[in-house]
Amino acid sequence: MIAAIRSEILKLTSVRLWWVLLLILVGYVGFTAALLAGLFGALGDQMSAQEGAPQFPDGLLPPIVYSTATAIGYVFPLILGALAVTSEFRYQTLTPTFLAQPRRSVVLGAKLVVLAVAGALYGVAALVASVGLGAPVLTLVGVPAGLDDGDTWLLMARVVLAMALWAAIGVGLGTLIPNQVASIVIVLAFTQFLEPILRVGTSFIEWTAAVGRFLPGAASDALVGASVFTSLGSGTATVEPLEWWQGGLVLAAYGAVVAVIGALTTWRRDVT
Amino acid sequence: MPDRTTIEFSGLTKTFGTVKAVSDLSFRVEPGVVTGFLGPNGAGKTTSLRMLLGLVTPTSGTATFGGVAYRDLENPLATVGTALEASSFHPGRSARKHLEVYAAAAGLPPSRIDFVLGLVGLSTYAERRAGGFSMGMRQRLGLASALLGDPGVLVLDEPTNGLDPEGIRWMRGFLRSRAAEGRTVLVSSHVLSEVQQSVDRVIIISRGRSVFEGTLDSLERGGAVRVDSPDRRSLLAALTVAGMETRRTETGLLVTGATPEQIGHLALTAGIPLSLLAAEQSGLEDAFLSLVSTDEATGAAA
């Protein structure tokens, strides 16, 4: 298993994909975090200036800004994980991989471990971007950055965990859908289009909203404990959001289900 | 050098849907010689090799290395070195990194990487990405991966494909020297002429079935012999009397059903001087093609 893990680390670091994705992740998250901090900070100032207007509590803003690391960044570890598997199918490197380690479950296990760690590192990098740019902007617009608050650091830890789980889900998804193009299209269509619509769509009626909490993106937001999406929640139905640990378990369950199904189907097939 | 290992195919069969890709294939590949695994494209060579290597699950039968299936080998890369036809490289990964990935997976020392790169003549291209490699360089990188674990068994699928004549000659010498060291070498090809100078034994398959197993000599027996004499008329008469099938060509007589020794002896006893006596070069190819095409004809009729 140690040898398989070393091999997977080399696979990941010996091609350019990881740092290209990382650069985009950091840029995208950093820009969005700074934008949100500036926008809401200014908005909050305006609202508090008006007599009798609802107050925008300062403590709510930093988690929203910092959690952009997962709220918009989760698709990057997901894609990294999926590509780690689908590229093996695409370039037929499964052949040398299985020749060097004929026990295929060991290969899959090593991939899950290595990608989860890579996802966690993506999480750290995304936090450096969201906090590194978000906190100064918050301070600039007069909102306490909350970096002296233990809760803020717990949130960051949960961001790292969520990103690790997303990368593992990507690995599972890749084994389930080995076709690289199909895999990427499904990831983008689901995360950028389908799930946002479903989350808004389910949020109006109580029972659909209860189901909607279990969508992967919603579970991820629940795990982290904050998200620009949940905070702007447009729904009218009121359901208790999942606890952070419930969100984490739901997310882990998604990863486990896709990985097990993939392992029992495409991963066992003849390599021709 | 690991122990001498014999490859054993036993009743190996693979069915894809209703198509029998490989049926009841049984043969042994001995150490110390180069064994050719021949057959036209689509005959089932690659499928057979992939079953041997645990990449494809057989419908029935077994293929083992000294009785041990590939999946059960203690240290597969140190036992069996493989280069399969498909160029299985990530185009964005350098040759050295490619080897590092699989050396790590098999727990092999990194020192082997420079060694095998040098062995196949890729040292100067080690840092280049495999995506830009020519066919010949890909073949060499594939061979380098096969040699990583210093295995006692080499299984190479179409290793001469895409090589220039110089590369083919290099490969020939390479395979011979490996066999001479006591290793087991199995080489597949769909072109007999590319391997006929490097193999000692051949297994020929057609439509998934074994149609010939033995030495090249025994395959050629029954092939044509080209013979000529200043007194061609007497030679023709003597051959005809001896019951040999003879055909007149511009460059002498083409005799089938006799060895050069028999013809030479015949000419000597008849007192006919010979100006030419040679086993026909195309005899081997003819024998190969007739084996394969006869089978195709019966296959089509069935």
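**A four-stranded sheet and its helices in chain B**

In this predicted model, helix α9 (residues 232-241) of chain B lies across β10, β11 and β12 of chain B, and its direction makes an angle of about 10° with β12(B).

Four of them make up an open sheet of chain B, ordered β11-β12-β10-β13, with antiparallel pairing. Its edges are formed by β11 and β13 (276-279) of chain B, each of which pairs on one side only. Direction ignored, neighbouring strands of the sheet are turned by 20° against each other on average.

Pairing can be followed strand by strand. Strand β11 (residues 245-249) of chain B and strand β12 (residues 252-256) of chain B run antiparallel and are joined by five bridges. The two form a hairpin, with two residues between β11(B) and β12(B); within β12(B), Leu253(B) is the bridge partner of Arg248(B). Elsewhere in the sheet, four bridges link strand β10 (residues 224-228) of chain B with β13(B), again in the antiparallel sense. Here Arg226(B) has Ala278(B) of β13(B) as its bridge partner.

Turning to the two chains together, 24 residues of chain A are in contact with 28 residues of chain B. On the side of chain A that touches chain B, the elements giving two or more residues are α1 (2-13) and α6 (94-100) of chain A. By class, that side of chain A comprises eleven nonpolar, nine polar and four charged residues.

Conventions. Residues numbered from 1 in each chain as written. Chains lettered and ligands numbered in written order. Predicted model: local features only at pLDDT ≥ 70, side-chain atom pairs only at ≥ 80, totals over all residues. Contact = placed C-beta atoms within 7 Å. Nonpolar A, V, L, I, M, F, W, Y, C, P; charged D, E, K, R; others polar. Pairing = 2+ DSSP bridges. Axes fitted to C-alpha atoms, helices over the stretch in contact; angles between N-to-C directions.
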